[in-house]
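Subject: Structure handover and findings

Hello,

Here is the structure I said I would pass on. My notes on the sheet and the helix packing follow below it.

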Amino acid sequence: MTSAPALLEQWYRDHLCPDALDVSSSGVPPITMAELRALTGITGEALDAVRLEDSHSLGWPPLRQAVADAWAGGDAARVLIGQGSNEAVFLLLHTLLEPGDDVVAMSPIYHAYGSALRSAGCRVRHWAVRPEDGPNLDLDELERLVLPRTRAVLVNLPHNPSGVTVSPAGQARIVEIAAARGAYLVWDNAFAELVHDGEPLTDVAQLYERAFSVGTLSKCYGLPGLRIGWCVGPPAVLDRTVGLRDTTTLFCSTLTEFLAAHAVRNREKLSGHFTELVGKGRDIFLHWARSSEVVESFTPPMGGVTSLVRFRGTTDATDLCVRLARAGVLLVPGRAFGAPAWARLGYAVPGDELGHGLELVDRAVANAGR
């Protein structure tokens with residue numbers, strides 16, 4: 001099996017460098033080991049006591065229990081730990097689905113889902129998130145797309161890259177649509193804790209017996225380098241992933257799982273560490289997006305730390321994003337998300353850096369029109 005590189009990852013490989021002013025990221029800034037230890041209370045003695053042995057095929061038991069206590073009602077049998085949410089998605093979808101299965105997937109969605117669906121040989125129909133529609137997700141369209149033969153429905157809310165999401169009533173409607181057809185529901189929960197107005201949505205795996213939720217330490221907690229993600233759902237399906245995992249990674253590192261268990265147990269301290277940064281960044285972004293002469297429209301940042309922005313006179317933002325990268329400021333061209341006229345902007349950036357980055361964007365877009 002061969003796959004083309006993901007456009008998003010290739011963009012970062014080509015353009016992200018240490019001195020780039022990155023106002024494109026979909027997560028909070030990564031923290032140091034010292035910060036992780038200070039926030040979670042990990043001692044040197046505890047680190048020294050970690051035995052670097054093989055882990056369990058479904059995840060190190062203390063980490064599975066920590067995730068279960070947080071999102072699975074305490075039932076560790078409902079938890080699979082992956083090397084990042086990428087692996088959890090790969091194992092889940094290749095276990096759950098067969099060639100020819102009908103799947104409805106939100107689009108755009110994280111590329112790990114798309115590549116797994118292609119390699120599994122599924123027939124995929126897309127529930128489109130259209131940036132020009134703003135926060136108005138068309139749930140009636142989703143209901144029309146989900147057919148009696150549909151095997152699974154995949155959603156990502158709060159949504160990356162647009163930042164839109166649904167209310168609890170909207171979530172209940174999505175569950176109802178999947179349940180009416182007996183379809184599995186896979187809900188990417190990467191940004192579950194980053195909701196700006198109102199409370200985070202209930203984990204969907206607690207609402208529907210054929211639902212799975214996928215989580216990660218990368219986006220809300222500043223720990224992308226641990227490469228730890230998880231899936232919560234019916235044990236009968238998760239247990240079947242072991243055969244596939246035996247042919248790939250076997251299991252995760254007990255050292256990173258040890259650190260991840262402490263992070264999950266102290267997730268509120270970790271997310272709270274970024275509350276002020278994200279709030280101020282969102283305010284700066286909104287002021288800029290509403291007042292800048294170069295911005296034609298943008299999606300409302302209801303959750304996560306990103307928005308899609310369309311610049312005046314731009315039908316394809318790729319060349320503009322390349323020019324910006326050469327000038328030292330990074331956005332992601334919307335072509336990576338099937339929306340070429342737009343660009344992804346991330347605002348979980350210290351205020352001075354974000355303000356400077358937005359000034360550079362203003363200048364580059366204005367000069368492009370001359």
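The model is a predicted one. Its open sheet has seven strands with mixed pairing, in the order β2-β8-β7-β6-β5-β3-β4. The edge positions belong to β2 (79-83) and β4 (123-128), each of which has a single partner strand, so one side of each has no neighbour in the sheet. From one strand to the next the twist averages 20°.

The sheet, strand by strand

As background, strands of a sheet pair through backbone hydrogen bonds, either parallel or antiparallel.

- β2 and β8 run antiparallel and are joined by five bridges. Q83 has I228 in β8 as its bridge partner.
- β8 and β7 are paired in the antiparallel sense, over four bridges. Here V214 stands opposite C231 in β8.
- β7 and β6 run parallel, with four bridges joining them. D188 stands opposite V214 in β7, and V214 is also the residue that stands opposite C231.
- β6 (residues 184-188) and β5 (residues 150-156) pair in the parallel sense over five bridges. Two facing pairs can be named: L154 stands opposite V186 in β6, and V155 stands opposite W187 in β6.

Burial in the strands

Which residues of β7 point one way and which the other? A211, S213 and G215 are on one side, F212, V214 and T216 on the other, and all are buried.

Helix α4 (residues 61-71) lies across β2 and β8 (228-232), and runs at about 120° to β2. Helix α8 (residues 168-180) lies across β4, β5 and β6, and its direction makes an angle of about 150° with β6.

Helix against helix

Two packed helices are described by the angle between their axes and the distance between the axes. Three packed pairs are described below.

α4 with α11. The α4 helix that lies across β2 and β8 also packs against α11: the axes come within 8 Å and cross at roughly 20°. An angle under 35 degrees counts as roughly parallel, and α4 and α11 are therefore roughly parallel to each other. α4 passes α11 in a left-handed crossing. From α4 the contact uses P62, L63, Q65, A66, V67, D69, A70 and W71, and from α11 it uses E257, A260, A261, V264 and R265. By class, nine of these residues are nonpolar, one is polar and three are charged.

α2 with α11. Helix α11 (residues 254-265) also packs with helix α2 (residues 33-40), at an angle of about 50° and with the axes 9 Å apart. This pair is therefore oblique, and the crossing of α2 and α11 is left-handed. M33, L36 and T40 of α2 make the contact with L259, H262 and A263 of α11. The contact of α2 with α11 has four nonpolar residues, two polar and no charged ones.

α14 with α15. Helix α14 (residues 318-326) and helix α15 (residues 351-368) have axes that come within 10 Å and cross at roughly 125°. α14 and α15 are therefore oblique to each other, and their crossing is right-handed. The contact is made by L320, R323 and L324 of α14 and by L360, V361, A364, V365 and A368 of α15. Sorted by class, the contact of α14 with α15 has seven nonpolar residues, no polar ones and one charged.

Regards

Definitions and conventions: Residues numbered from 1 in each chain as written. Predicted model: local features only at pLDDT ≥ 70, side-chain atom pairs only at ≥ 80, totals over all residues. Heavy atoms only, no water. Axes fitted to C-alpha atoms, helices over the stretch in contact; angles between N-to-C directions. Parallel < 35°, antiparallel > 145°, perpendicular 65-115°, else oblique. Left-handed = near helix turned anticlockwise from the far one by under 90°. Contact = heavy atoms within 4.5 Å. Nonpolar A, V, L, I, M, F, W, Y, C, P; charged D, E, K, R; others polar. Pairing = 2+ DSSP bridges. Buried < 20%, exposed > 50% of the residue type's maximum accessible area, 1.4 Å probe, protein only.
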